[in-house]
Amino acid sequence: MSDVIAATRERAVLGTSPTRPDAPAKVSGQFDFASDLTADGAVWGATLRSPHPHARIRSLDISPALAIDGVRTVLTADDVPGTNSFGLISSDQPVFAVDIVRFVGEPVAAVAADDPETCRRALEAIIVDYEILPALIDPEAALDPATPAIHPLGNVVRHQRIICGDPDINGEVTVEGDYEIGMQDQAFLGLEAALAIPDADGTGIELQIATQWLHEDRQQIARCLGLPEESVRLTLAGVGGAFGGREDISLQVHACLLALRVGRPIRMHYSRSESFLGHVHRHPARIWMRHHADRNGHLVKVEARYVFDGGAYASTSSAVLINAVTHTQGPYRCENAVVDGYAVRTNHLPCGAMRGFGVVQACFAHESQMDRLAAACGLDVLEIRRRNAMESGDRLITGQTVTSVAPVRRCIDETEALPLPDKAVGHGDHPYSLPGGAGLTTDTTDVVRGIGYAVSIKNLMYSEGFDDYSTARCTIENGVVSIKFATAEVGQGFVTLAGQIARSVLGVDEVVLEPIDTGVGSAGSTSASRQTWMSGGAVKEACELARDSVIASVALARGVEPGQLELLGTEIVDPIDGWRIAMTDAIQGVSVNEEAVYRHRPTVALNELGQGACHTAFAFAAHRAVVDVDVELGLVKVVQIATAQDVGRALNPISVIGQIEGGIAQGLGLAVMEEIVQVDGVIRNASFTDYLLPTIADMPPVEIALIEEPDPEAPLGAKGVGEPPTISSTPAIVAAIRDAIAQRHPEATPLSRVPVRPSDVVDAFRGLRPTDHDR
């Protein structure tokens with residue numbers, strides 16, 4: 001028995017870190033991303049977009065474009081055969097604008113031409129006469145009933161209130177603050193791209209697309225094309241990152257419409273500047289919070305008001321808002337709450353899903369508040385968190401009981417225990433060791449080192465009664481095991497994990513992964529930290545059904561009951577007489593086809609008072625940031641991030657660590673550099689020259705402790721790990737900057753906005769109120 005276990009550990013099964021199946025092609029440059037795809041006879045597609053944030057289309061003349069040699073067709077709203085609208089939750093966004101454009105970048109027409117240059121000329125030739133309308137830019141103004149509606153469904157996408165316990169109770173100590181979060185871009189390196197291939201008879205379409213949710217895309221595309229869903233077939237193309245930005249429709253419908261019209265394959269892919277206009281972003285938010293506590297620092301009540309700027313269309317604003325308001329208390333016990341949250345439409349770029357999905361905004365506010373509360377109570381910032389740390393069995397402000405494993409205190413303690421940097425300020429062996437880089441902008445005598453902490457809670461999977469499920473199929477033919485699923489592989493590594501699950505359950509070493517397409521039932525979206533739990537659960541169950549079928553076949557051949565046999569490692573064993581057969585031998589000549597649909601436990605929508613078990617499960621993390629700051633110049637260098645994260649069970653440790661490090665990079669970006677800047681609704685930094693991203697010179701060493709307490713509710717004991725690293729890393733970095741400033745100026749103005757700019761640091765050091773700086 002021990003020999004079997006030892007052999008299992010050497011195999012590429014759960015708990016090991018095998019090489020990704022797509023790794024050799026990616027590192028050698030041979031992997032086909034969506035933008036690499038082509039087909040015989042393919043022509044190019046491109047989209048004409050509005051230059052105005054809000055305008056009426058008085059006339060649209062496409063004839064000059066059609067007169068250009070090489071232009072195949074030009075399409076407008078009049079050419080959409082089905083519904084001229086789409087949307088994940090509310091179908092409120094037009095395929096092409098009809099009378100009104102509501103944001104800079106709104107599609108007005110699409111062209112097909114022989115090459116990209118002819119497409120560009122055709123777009124320039126289209127004549128659109130616009131009547132400029134007043135743009136709604138201020139999300140607070142969107143809440144005013146007197147403000148004219150910019151959309152037929154109104155300016156407010158959703159309002160949600162939460163009343164918990166005694167709304168009138170007050171604490172002996174209160175702290176409050178106003179917080180603001182800027183608009184962050186997902187900044188995936190692989191741009192939006194697709195290849196649409198029409199059926200020969202024009203009655204159907206095949207779309208190869210970089211997306212996060214094949215079946216949801218198919219449903220929306222079919223509705224716009226006026227085709228039955230079975231006539232629309234989607235295959236996942238190579239995806240170069242997603243982070244929420246590929247959950248909504250971008251170019252899918254345009255590519256299919258053009259292909260069906262010209263009867264030839266259509267290639268489309270965006271430039272970087274168009275990508276900023278063509279996908280949703282993280283919601284900017286304004287948050288007010290007030291925390292009440294007793295003199296010992298125990299939370300008594302939390303009050304909050306959220307205003308999320310959803311931009312021109314709804315996308316997932318409703319769900320993002322719910323995540324924010326239901327996470328107001330953070331990973332802490334609190335019996336009383338009064339919370340109001342609003343998601344509104346403006347004439348800004350549309351906002352929707354991005355890693356952390358509303359909880360990023362809430363966490364920045366509640367962790368800033370916990371530091372303020374610690375100071376007001378005379379407590380250490382970690383001690384106040386320990387005193388209030390949530391445990392399994394505690395209630396949320398929605399009345400929901402936390403049934404997930406909740407090792408919040410362990411996250412705090414193990415983060416604190418991780419080693420601090422061993423080099424003092426300016427004594428690194430790299431020219432970038434000081435803030436400002438290698439240009440000798442500052443000196444060690446002007447730099448202060450700060451340390452900050454933050455802790456987070458994040459819901460997993462979908463919420464509020466959504467029918468959340470995933471499908472997987474396991475087939476065995478002629479000794480070959482194949483797994484099929486529609487789970488979008490966007491870089492998170494499910495193509496690795498699926499094989500590990502199959503090997504662990506079936507006791508085989510060779511597993512074939514079939515193409516990822518709509519030829520099997522939906523796997524849901526690759527978002528909400530859900531695929532390890534959901535699609536992992538589906539693959540596990542499908543493989544278990546296949547395993548049981550093989551065991552039943554062997555039992556029949558031996559003339560025994562199936563229950564008498566068991567799979568131990570790679571062998572089916574009869575423990576009564578010691579007989580055994582290798583699983584690889586047992587599957588020869590066997591034909592098995594098993595499909596499983598995995599669903600998590602049901603959830604419910606919140607009622608009018610914000611009560612209800614609306615979430616499925618939760619994961620937790622803590623972060624410590626060490627930063628060096630020149631407080632007079634406002635320069636910041638993140639020196640180290642340390643984190644302890646509740647992962648349930650590390651099914652693939654290297655993949656888990658990669659997710660944590662990548663998530664921290666995005667959290668760092670939001671903390672000190674990443675923001676889409678819009679002035680009067682016009683984006684001013686739609687390039688990676690002006691939209692600043694962390695590089696290898698900005699990313700610090702990361703110390704990681706994986707907290708493995710398998711969650712009994714999870715099919716594999718594992719929790720999703722992709723989002724928590726992004727959530728509390730941002731407030732930890734800002735807390736560290738505050739700490740550095742306070743060492744030079746204890747009465748400094750608290751930083752209350754991200755990203756923190758150099759001018760914000762300088763203003764805080766001087767005790768000035770935060771300024772807007774034309775944001």
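In strand S12, Met 268 is the bridge partner of Ala 194. The model is a predicted one, in which local features need pLDDT of at least 70 and side-chain atom pairs count only at pLDDT 80 or more, whereas totals for chains, interfaces and linings use all residues. Residues are numbered from 1 along each chain as its sequence is written, and side-chain values use heavy atoms, with hydrogens and water left out.

Strand S9 (residues 193-198) and strand S12 (residues 266-269) pair in the antiparallel sense over four bridges, where pairing requires that DSSP finds at least two bridges between two strands; helices (H or I, at least four residues) and strands (E, at least two) are DSSP runs, numbered from the N terminus. Both strands belong to an open sheet of seven strands with mixed pairing, in the order S3-S5-S1-S12-S9-S10-S11. Strand S3 (71-75) and strand S11 (232-236) stand at the edges with a single partner strand each, so that one side of each is left without a neighbour in the sheet. On average, neighbouring strands of this sheet are turned by 20° against each other, direction ignored. Helix H4 (residues 116-125) packs on the sheet, touching strand S1 (43-49), S3 and strand S5 (107-113), and the direction of H4 makes about 30° with that of S1. Contact here means heavy atoms within 4.5 Å, while axes are lines fitted to C-alpha atoms, for helices over the stretch in contact, with angles from 0 to 180 degrees between N-to-C directions.

The structure also holds 10 aromatic pairs, defined for rings of Phe, Tyr and Trp (its six-membered ring) with centres within 6.5 Å, planes under 30 degrees apart counting as stacked, over 60 as edge-to-face and the rest as tilted. One of these, between Trp 213 and Phe 466, is edge-to-face, at 6.3 Å centre to centre and 75° between the planes. Because Trp 213 lies in the loop between strand S10 (205-209) and helix H6 (214-225), and Phe 466 in the loop between strand S16 (447-460) and strand S17 (469-477), the pair ties together parts that are 253 residues apart in sequence. Together with Tyr 462, Trp 213 and Phe 466 form one aromatic cluster. Arg 530 lies over the face of Tyr 462, at 5.6 Å from the ring centre, the criterion being NZ of Lys or CZ of Arg within 6 Å of the ring centre and within 35 degrees of the ring normal.
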